[in-house]
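Subject: Model handover, with notes on cavities and helix packing

Hi there,

Here is the model I promised to pass along.

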Amino acid sequence: MSLGVPGTSNEEKVFASDRVIRVGIIGAGEVAQTTHLPTLGLLSHLYKVVALCDVSQKLLDHCADKFHIAKENLYLKSSELVKRPDIDLVLVIVADEYHASAAVQAADAGKHVFIEKPMTLTSSDAESIISAQKRNSVIIWVGYMRRYATAFIEATKIVHSMKKIEYARVRDIIGYNHLFVNQSGSFPVRFSDIPDAAKDDMKLRATAAAVASIGEERAGNPTAVSTWRLLCSLGSHDLSAMRELLGPPKAVIGAAAHGTWITALFDYGGFVATYETGHDPVGSFDAHLEVYGDGKRVRVDYDTPYIKGLPITLTIAENDESGAFVERVIRPTYEDCYTLQFQALHDAIVGQGVVKCTPEDAIQELRTIELVMKALY
């Protein structure tokens with residue numbers, strides 16, 4: 001299903017590229033308020049948010065006023081939002097435990113779907129999304145926005161052309177989210193009017209997902225569950241980008257975890273990739289991927305996505321023909337990767353672009369996380 005038809009005339013293609021996609025959003029929490037709603041508002045030539053769903057009525061009312069959504073277009077139940085005939089695309093940015101049910105619901109209603117990462121917490125839920133995409137012929141797009149950064153795309157081209165990779169490193173050590181969100185100028189809010197039944201249901205779903213993914217014994221270990229959830233959330237960004245850059249790892253040689261810190265060694269056959277991630281109270285966002293090979297070092301550095309316009313850079317270090325060390329830092333654009341991602345999604349919906357982060361692609365992160373968890377516990 002698409003709103004544009006590939007292979008049509010140039011005039012029709014121009015019309016398709018200008019078409020405004022009508023959006024319904026499930027989940028109005030911090031990520032919606034800080035990134036998605038502001039970004040879609042700035043992309044008003046491509047998108048229009050027409051409806052919003054959340055379990056908090058106070059939050060819905062707040063967002064309706066702030067982001068100019070009509071009060072009659074607010075919903076407490078996602079099943080009602082997805083039925084609207086004036087919605088082309090549903091954004092699923094609710095709690096991870098509800099990603100699969102909301103995405104399948106939207107796809108079965110004939111809507112294209114954007115799912116915030118991680119796609120799901122369990123393989124069975126991932127398979128249900130894959131099945132929903134196939135039977136409804138809609139686009140289901142998983143929100144690994146870092147992979148749409150121009151610097152990352154350029155780095156991928158260089159790395160894929162390397163004859164021999166010697167070593168790779170993936171690092172994501174960042175301060176707590178509130179350190180950046182509080183300085184973003186987006187002023188997100190939260191309310192306490194979430195029904196007890198909804199809280200209880202999410203706890204039950206979280207427990208069931210842990211048992212299904214890491215086994216009953218590890219699901220009873222709070223430290224193991226915390227490690228698994230960190231890998232599914234922040235870690236899924238890193239592992240997804242690592243896989244596009246290097247391919248899927250063959251195995252995990254070893255891994256260790258302490259508190260909110262995780263280190264793993266991935267075996268790629270001809271080389272090893274190290275992975276390290278964690279949170280601390282320092283207001284720094286140290287996230288990068290670096291590949292060593294063919295006599296050069298290729299590195300992509302990310303800054304926090306919560307503050308719009310911070311550059312994502314590509315650094316290439318090597319010796320020149322005279323033997324002198326040369327380091328080039330390239331800033332391809334100030335456009336943030338959320339904006340780039342939504343532009344690419346619009347192209348795909350109107351039939352003028354491809355979907356890179358598909359459900360079949362995203363399920364591979366669950367397999368990598370499983371390898372790490374088995375090495376840890």
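First, the ground rules. This is a predicted model, in which local features need pLDDT of at least 70 and side-chain atom pairs count only at pLDDT 80 or more, while totals for chains, interfaces and linings use all residues. Residues are numbered from 1 along each chain as its sequence is written, and side-chain values use heavy atoms, with hydrogens and water left out.

**Cavities**

Rolling a probe the size of a water molecule over the atoms shows where empty space is left. On a 1 Å grid over the protein atoms alone, a cavity is a set of points where a 1.4 Å probe fits but cannot get out; a pocket is an open set with protein on both sides within 12 Å along at least five of seven lines; and lining residues have an atom within 4 Å of a point. Points are joined across faces, edges and corners, and a volume is the space filled by probe spheres set on the points.

The count comes to four cavities of 30 Å³ or more. The largest cavity has a volume of about 100 Å³. Its lining has 14 residues, and those nearest the centre are Asp-303, Thr-304, Pro-305, Ile-312 and Cys-337. Sorted by class, this lining has nine nonpolar, one polar and four charged residues. (Ala, Val, Leu, Ile, Met, Phe, Trp, Tyr, Cys and Pro count as nonpolar, Asp, Glu, Lys and Arg as charged, and the others, Gly among them, as polar.)

The second largest cavity has a volume of about 60 Å³. Helix α14 (residues 359-376) gives the largest share of its lining, five residues. Helices (H or I, at least four residues) and strands (E, at least two) are DSSP runs, numbered from the N terminus. Among the lining residues are Pro-118, Met-119, Cys-232 and Ile-369, and the classes are eight nonpolar, two polar and one charged.

Pro-118 sits in the loop between β5 (112-116) and α6 (123-136).

Two packed helices are described by the angle between their axes and the distance between the axes. Axes here are lines fitted to C-alpha atoms, for helices over the stretch in contact, and angles run from 0 to 180 degrees between N-to-C directions.

How do the axes of helix α11 (residues 222-232) and α14 cross? They come within 10 Å and cross at roughly 155 degrees, so α11 and α14 are roughly antiparallel to each other. (Angles under 35 degrees count as roughly parallel, over 145 as roughly antiparallel, 65 to 115 as roughly perpendicular and the rest as oblique.) The contact (heavy atoms within 4.5 Å) is made by Ala-224, Thr-227, Trp-228, Leu-231 and Cys-232 of α11 with Ile-369, Val-372, Met-373 and Leu-376 of α14. By class, that contact has eight nonpolar, one polar and no charged residues.

**Around α2**

The second largest pocket has a volume of about 200 Å³. The elements giving two or more residues to its lining are α2 (30-42) and β2 (47-53). Leu-37, Leu-40, Phe-67 and His-68 are among the residues that line this pocket, and by class the lining has six nonpolar, three polar and one charged residues.

α2 packs on helix α3 (residues 57-67) at an angle of about 40 degrees, with the axes 12 Å apart, which makes α2 oblique to α3. Here Gln-33, Leu-37 and Pro-38 in α2 meet Leu-59, His-62, Cys-63 and Phe-67 in α3. This contact divides into five nonpolar, two polar and no charged residues.

α2 also packs on helix α13 (residues 337-349), at about 60 degrees and with the axes 10 Å apart; α2 and α13 are therefore oblique to each other. Thr-35, His-36, Thr-39 and Leu-40 in α2 meet Tyr-338, Thr-339 and Phe-342 in α13, a contact of three nonpolar, four polar and no charged residues.

Lastly, His-68 lies in the loop between α3 and β3 (74-75). Its phi is near 60 degrees, a positive value in a residue other than glycine.

Best wishes
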